Amino acid sequence: VDIVDALVNYAKNSGVKIIQGTAKAFEFNNNKINSVVLEDKSKIECDKVCLCTGGKSYHLTGSTGDGYILAKSAGHTIVPPLPALVPLEVQEKWCSDLMGLSLRNVSLKLYNGKKCCYDALGEMLFTHFGVSGPLVLTASSLLPEQIPKDGSCRLVLNLKPGLTPEQLDKRIQRDCTAHPNQAMGTIFRGLLPLKLVPVFLEAVHIPPETKANALTKEQRRILVQGLQAFPLHITARRSLKEAIITRGGVSVREVQAKTMASKCCEGLYFAGEVLDVDAYTGGFNLQIAFSTAACAADAIGNL
């Protein structure tokens, strides 16, 4: 709210007249915009319009995809909108048991078949439907448009990325030697968050009651492999309502890169997420919005 107020005050102090209303259509004359028709049938006569209505995510802000309809009426191609930077649903039902658990300093890889599309270190979060958090949101932007139903799109977690397999094996051996009569369900509390221990051991088929002094070399290998390559099979993206940004929108092939002017209709400009441009988390999408707006404003002001 403070940021919005600051921007509105800056606009007013710069002499901008703010008219509240919902734009429903453009009117054209010889393929040039000459007015904007509002919901109440009133018209705003103009020869230049910048369409910066946002994408189709965050409906509460008014970003409902209306800009796509207006752009299409001016002859523009709309790349079908998809949720981007969005939580993911997975096959593994046990994720709901870990709801609210946040993991830090874990490594996450995204695979599409055999191809590794993403590999990064950071934070993630388990939810009732699957996974979220910074690592997952970024990975979601690299998924194919249609997620295969065969489970070939998957996330692979390295829960101990700071250790080599050999180091991790020695760590497990050391813990087992120090506490030979303890169960693995207890031993692993020193390696993983408490909530994750029973879920992990069940996933790798090591009974939590297994005594440390009874753990075999093959079981240690399975534990090490599980800790450093723990798979989650992606079934779906969450909806646009939960997405941080929208992928898709007005095709950038139909927009002048330096001015953000339409190649289809004279007097029309674009800025922000209504365009088919998206980026990772970290302020890059805000930068796209600010930069495209600056280009459009400079071009409009210089004409």
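1. Helix α7 covers residues 217-228. At 1.5 Å a residue, its 12 residues should span 16 Å, and the end C-alpha atoms lie 17 Å apart, so the two values agree. This is a predicted model, and every value in this note is computed from it.

2. Seen from its buried side, α7 contributes Q219, R220, L223, V224, G226, L227 and Q228. The elements that cover these buried residues include β10 (153-158), α4 (165-178) and α5 (184-187). Also among them are α6 and β11 (230-237).

3. The largest nonpolar core holds 46 residues. Those with the most contacts inside it are F126, L155, L159, F188, F200 and L223. Helix α6 (residues 196-203) supplies the largest share of this core, 5 residues. Apart from it lies another core, of 22 residues, including L38, A71, A74 and A296. As background, nonpolar side chains in soluble globular proteins tend to be buried together.

4. Take L155 as an example. Leaving aside neighbours within four places in sequence, L155 touches L88, L108, K109 and L110, among others. Its contacts also include V131, V136 and A139. F230, P231, L232 and I234 are on the list of contacts of L155 as well.

5. Helix α2 (residues 66-73) has two faces. Its buried residues are G67, Y68, L70 and A71. They cover an arc of only 165° around the axis, which means that they sit on the same side of α2. I69 and K72 are exposed on the other side of α2. Cover for the buried residues of α2 comes from elements including β1, β4 (49-51), β5 (78-84), β12 (245-250) and β13 (268-270). Just after the helix, G75 has a positive phi of about 100°.

6. 3 strands make an open sheet in the order β1-β2-β3, with antiparallel pairing. β1 (23-29) and β3 are the edge strands; each has a single partner strand, so one side of each is left without a neighbour in the sheet. Direction ignored, neighbouring strands of this sheet are turned by 30° against each other on average. Between the antiparallel strands β2 and β3 there are 3 bridges. V36 stands opposite I44 in β3.

7. K41 is exposed, with a relative accessible area of 69%.

8. N105 also calls for a check of its backbone angle. N105 has a positive phi of about 55° although it is not a glycine. It is found in strand β7 (residues 102-112). At 56% relative accessibility, N105 counts as exposed.

9. Is V90 buried or exposed? V90 counts as buried, at 6% relative accessibility. Its place is in strand β6 (residues 88-90). Leaving aside neighbours within four places in sequence, V90 is in contact with C95, F129, G130, V131, L232, H233, I234 and T235. V90 and I288 are 198 residues apart along the chain, and their C-alpha atoms are separated by 31 Å.

Key
Residues are numbered from 1 along each chain as its sequence is written. This is a predicted model: local features need pLDDT of at least 70, side-chain atom pairs count only at pLDDT 80 or more; totals for chains, interfaces and linings use all residues. Side-chain values use heavy atoms; hydrogens and water are left out. A nonpolar core is a set of buried Ala, Val, Leu, Ile, Met, Phe, Trp, Tyr and Cys residues joined through side-chain atoms within 4.5 Å. Buried means under 20% relative accessible area, exposed over 50%, partly exposed in between (1.4 Å probe, protein chains only). Helices (H or I, at least four residues) and strands (E, at least two) are DSSP runs, numbered from the N terminus. Contact means heavy atoms within 4.5 Å. Two strands pair if DSSP finds at least two bridges between them. Axes are lines fitted to C-alpha atoms, for helices over the stretch in contact, and angles run from 0 to 180 degrees between N-to-C directions. The expected span of a helix is 1.5 Å times one less than its number of residues. The arc is that of the directions from the helix axis to the C-beta atoms.
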